[in-house]
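Grab your viewer and work through the exercises below. Each one sets a task and then walks through a solution.

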Amino acid sequence: MHTLLINGDFLKPIVVMEQLEQQDKGTICDFDVDVEEGLLVYKISMVNVETRKMSKYQYRALDGVLLNEKSSVYSSDDIGSVSAAKMLQAKHMTFSALVALAIEDQQGYLTQAELDHDLSISYLELKILNQDSKNTIAFDIETLRPLPLLKWD
């Protein structure tokens with residue numbers, strides 16, 4: 001994956017997220033980069049708390065073309081993401097804006113970002129890949145600051 005990311009022949013994840021946020025009434029709750037058949041693919045999940053639906057999208061990273069879309073009623077496994085999405089909505093903030101804020105001082109490539117709620121804290125968990133390592137950080141949605149107790153490498 002690192003080799004494909006270094007080549008740079010792809011749309012930035014934030015661009016694809018912003019486009020989806022403009023098209024859909026839900027809140028993105030999960031982003032993941034995957035390699036399928038030698039191509040970078042962005043997998044994005046979006047929750048709509050009003051309709052109780054979870055939509056999953058796959059985009060080709062090269063040009064942002066939609067490859068697949070599925071929608072279903074969200075389950076009890078999604079409650080952490082749903083709670084964090086509600087907090088994000090209450091802050092009148094988009095997932096892409098939260099991700100941009102969380103990674104502004106980070107070096108490397110965003111490979112995963114997920115909303116979660118645990119221990120009464122709604123947060124964004126991110127994975128950043130650089131040539132030396134893969135770092136995981138947590139970013140508090142309420143305070144819009146990194147969570148030092150949940151930061152690890």
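**Exercise 1. Work out the strand order of the sheet and find its edges.**

Keep in mind that this is a predicted model. Start by lining up the strands: eight of them make an open sheet, running β4-β3-β2-β1-β5-β6-β7-β8, with antiparallel pairing. Next, look at the ends of that row. β4 (66-73) and β8 (145-146) each have a single partner strand, so one side of each has no neighbour in the sheet. Now zoom in on β1 and β2, which pair in the antiparallel sense over nine bridges. For one of the bridges, take Glu36: its partner in β2 is Leu39.

**Exercise 2. Check the length of α3 and say which of its residues are buried.**

First the length. α3 covers residues 79-90, which is 12 residues; at 1.5 Å a residue the helix should span 16 Å. The end C-alpha atoms are 16 Å apart, so the two values agree. Second, burial: Gly80, Ser81, Val82, Ala84, Ala85 and Leu88 are buried in α3. To read such a pattern, recall that an α-helix has 3.6 residues a turn, so residues three or four places apart point the same way. Third, ask what the buried residues pack against: β1, β2, α4 (95-103), β5 (109-118) and β6 (121-129). Last, step past the helix to His92, which follows α3 and has a positive phi, near 55 degrees.

**Exercise 3. Classify the aromatic pairs.**

There are two to sort out. For Phe31 and Tyr42, the ring centres are 5.4 Å apart and the planes sit at 55 degrees, so call this pair tilted. Phe31 is in β1 (residues 27-36) and Tyr42 in β2 (residues 39-48), so the pair ties together parts 11 residues apart in sequence. Both are tucked away: Phe31 is buried at 0% relative accessibility, and Tyr42 is buried at 1%. For Tyr57 and Tyr59, the centres are 6.2 Å apart with planes at 25 degrees; that's under the 30-degree cut-off, so the pair is stacked. Tyr57 and Tyr59 are buried too.

Notes. Residues numbered from 1 in each chain as written. Predicted model: local features only at pLDDT ≥ 70, side-chain atom pairs only at ≥ 80, totals over all residues. Heavy atoms only, no water. Phe/Tyr/Trp six-rings, centres within 6.5 Å; stacked < 30°, edge-to-face > 60°. Helix = DSSP H or I, 4+ residues; strand = E, 2+ residues; numbered from the N terminus. Buried < 20%, exposed > 50% of the residue type's maximum accessible area, 1.4 Å probe, protein only. Expected span 1.5 Å × (residues − 1). Contact = heavy atoms within 4.5 Å. Pairing = 2+ DSSP bridges.
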